[in-house]
Every structure is written in C-alpha cells, then in structure tokens.
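Work through the exercises below with the structure open. Each task is followed by a solution in steps.

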Amino acid sequence: MRMPLMNETYPAEFILLGFADRPWLELPLFIVLLVTYPLAMMGNITIILVSRLDPRLHSPMYFFLTNLSFLDMCYTTSIVPQMLFNLGTSRKTISYMGCAVQLYVFSIMGSTECVLLALMAFDRYVAICRPLHYSLIMNQRLCILLVSIVWLGGLTYAFLEATLTLQLPLCGIKHLDHLLCEIPVLIKAACGEKEANELILSVVCIFMLALPLCLVLASYASIGCAILKMKSSDGRKKAFGTCSSHLIVVFLFYGPAISMYLQPPSSITRDQPKFMALFYGVVTPTLNPFIYTLRNKDVKGALGRLGRRVISSK
C-alpha cells in the first residue's frame, strides 16, 4: 500500500491564493500583520510573566489566563509567519507537510481555546456565585486537572478531524482559495465523497463550539443575577469589570468561529474563510491581552509593581 504523501492525488505543495484577486489588499495586510504579530506576542508574554511573577495573581483565574495567553501565542504563530512570507514574496506556496503541520497546530489551539473559555466562565461563576466555597472548589489540583482535560480534548479533536481531512482525495488539486490550511477549506477543495467529513465536522463542532458557548452563556446568566443582588457597589463594579473583559473575548472568538465551522464547508462563501481566519487567528490574540489589562485593575496594578521593581533594580 502506498503512503498518502506519495499518492499522485496529493500535491507536493499547495498554492495559497489568498487575495490574489485583490492584489491591492496584500501590502496593507502585510503591514497590519507586521505590526499586530509583535504586539500579540509581547502582550501575551507580558500577561504570562506578570501572572507568574506577581504573588497576588497566583489564583485560578490567572492560571487559566496564562494558558489562554500561551494558546494565543501558539495560535497566531501557526499562521502569521506563513502569511507574512506569502504576502511579502511572489511565492504563495506551502509544502504538503507544512500544510499538515499547520492544520494540526491551528486546530489544536483553536479547539482548546473553545473549551478553555468555557472553563474560565465556570471559574468566574464559582467566584461570584459561590464565593465562600471558591478556594475549596477551585483548588490547585482541580485547576491542573481541568486544564489538562481541556488540552486533551483539543488534541483529540484536532487529531481526529485533521487526520480525516488529510485522508480526503484531492485529485491533483493544488490551489487553495485561502490564506492558510484550514479544515473547512480543505474539505471544500477535496473531490469525491465528502459528505461524511462534513457531517463529522458539524457534529464534533457542536461539542467543541456550541456546547461550550452554551455553558458560557449559562454561567454568565447566573453571574448577572448574582451581581444584581450584590449590596456593595464596589463589589458589583469589580465583578462586572472582570466578567465583561471575558465576555468581550468570548464573543470576539466564538462569533467568527461559529460562522465558519457550524455550517457545511460546501456552503462557505469564497472570502468568508479568509476574513474569519484573520479575525480569530490574528485580531483576537492581539486584542486579548489589552482587553484583560485595560479592564482589569489587578493586572494593571501588577504591571505597575513589576515596572517599579525593574526600575529600582537598575
């Protein structure tokens, strides 16, 4: 039996068309990515460092936030360098192996983030609705266990879905009308019977996207009721500030992801994958650190203390 990579139905490389039909978009997009990518990396590295170095942030909320920042760094790194290379040169190609690696990494990070955001909502639910039991419920051992399950779930989904997608025959097709290798676009480009892949993708995404979103909404419905019952205006303000930051991140991520993955790949419009991928793969990882720092007094205070420590040590 011949290996898939050696089969004539699988090209040695793909040509990523991107915005080839709109060449005037390539230079502005290149500049935007060149600015946002370092911002995303610096912002998320800052969140990780501050959360680890400041003892006041050694809590479950910031443990989960550290995981989110690490995810976002890997998420955007899996696609932006390739985009910059393709936009900055005349070559618009990616090797078959490079495409497969990108597919796996992008899928792992995206699916893990879906579930992690639901876990962060549960953490806020316990903190606000069960404050007296928070430290007992969200102990260190449980937090590590929950995060491990989240990562395992993301890995399982990615290896299942990406492996099934890569097994689809391409019949010599080497042009992908996208900026990167992504599961719905590869399914759409494939030839032959692919209805089973579309069905599996839809069913799995219900568990990885729709179900976590429902958990997030249910958590915040309970949190909203609890906030309205608070007698302290300062308590209400702090709870609202923390939760609103997370809700903004949730809608920035889930909105584009749902519009992309909870419909059959065959019905996806030509430009939809490109703009959606830019949104949840570039815009969201760049904005997340700023949303959490600008709207969170604890993080801003920790940044100030860390800055003073750095200055005083010189």
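The model is predicted.

**Exercise 1. How do the axes of helix α8 (residues 195-229) and helix α9 (residues 233-261) cross, and which residues make the contact?**

Step 1. Two packed helices are described by the angle between their axes and the distance between the axes.

Step 2. For α8 and α9, the axes come within 11 Å and the crossing angle is roughly 160°.

Step 3. Angles over 145 degrees count as roughly antiparallel, and α8 and α9 are therefore roughly antiparallel to each other.

Step 4. The hand of the crossing of α8 and α9 is left-handed.

Step 5. On the α8 side the contact includes L201, C205, L209 and P212, while the α9 side includes R236, A239, F240 and H246.

Step 6. Sorted by type, the residues of this contact between α8 and α9 are 20 nonpolar, 1 polar and 1 charged.

**Exercise 2. Find how the axes of α2 and α6 cross, and sort the residues of their contact by type.**

Step 1. The axes of α2 and α6 come within 11 Å, crossing at roughly 25°.

Step 2. Angles under 35 degrees count as roughly parallel, which makes α2 roughly parallel to α6.

Step 3. The crossing of α2 and α6 is right-handed.

Step 4. From α2, the residues P60, F63, F64, N67, F70 and L71 take part in the contact; from α6, they are C143, I144, V147 and W151.

Step 5. Of the residues in the contact of α2 with α6, 9 are nonpolar, 1 is polar and none is charged.

**Exercise 3. What span should helix α6 (residues 140-166) have, and which of its residues are buried?**

Step 1. Helix α6 has 27 residues, and at 1.5 Å a residue it should span 39 Å.

Step 2. Buried means under 20% relative accessible area. The buried residues of α6 are C143, V147, V150, W151, G154, Y157, A158, E161, A162, T165 and L166.

Step 3. These buried residues of α6 pack against α2 (60-77), α4 (96-129), α7 (183-189), α8 and α9.

**Exercise 4. Is L215 buried, partly exposed or exposed?**

Step 1. L215 lies in helix α8.

Step 2. The relative accessible area of L215 is 48%.

Step 3. Buried is under 20% and exposed is over 50%, with partly exposed in between, so L215 is partly exposed.

Step 4. L215 and L119 are 96 residues apart along the chain, and their C-alpha atoms are separated by 8.8 Å.

Definitions and conventions
Residues numbered from 1 in each chain as written. Predicted model: local features only at pLDDT ≥ 70, side-chain atom pairs only at ≥ 80, totals over all residues. Heavy atoms only, no water. Axes fitted to C-alpha atoms, helices over the stretch in contact; angles between N-to-C directions. Helix = DSSP H or I, 4+ residues; strand = E, 2+ residues; numbered from the N terminus. Parallel < 35°, antiparallel > 145°, perpendicular 65-115°, else oblique. Left-handed = near helix turned anticlockwise from the far one by under 90°. Contact = heavy atoms within 4.5 Å. Nonpolar A, V, L, I, M, F, W, Y, C, P; charged D, E, K, R; others polar. Expected span 1.5 Å × (residues − 1). Buried < 20%, exposed > 50% of the residue type's maximum accessible area, 1.4 Å probe, protein only.
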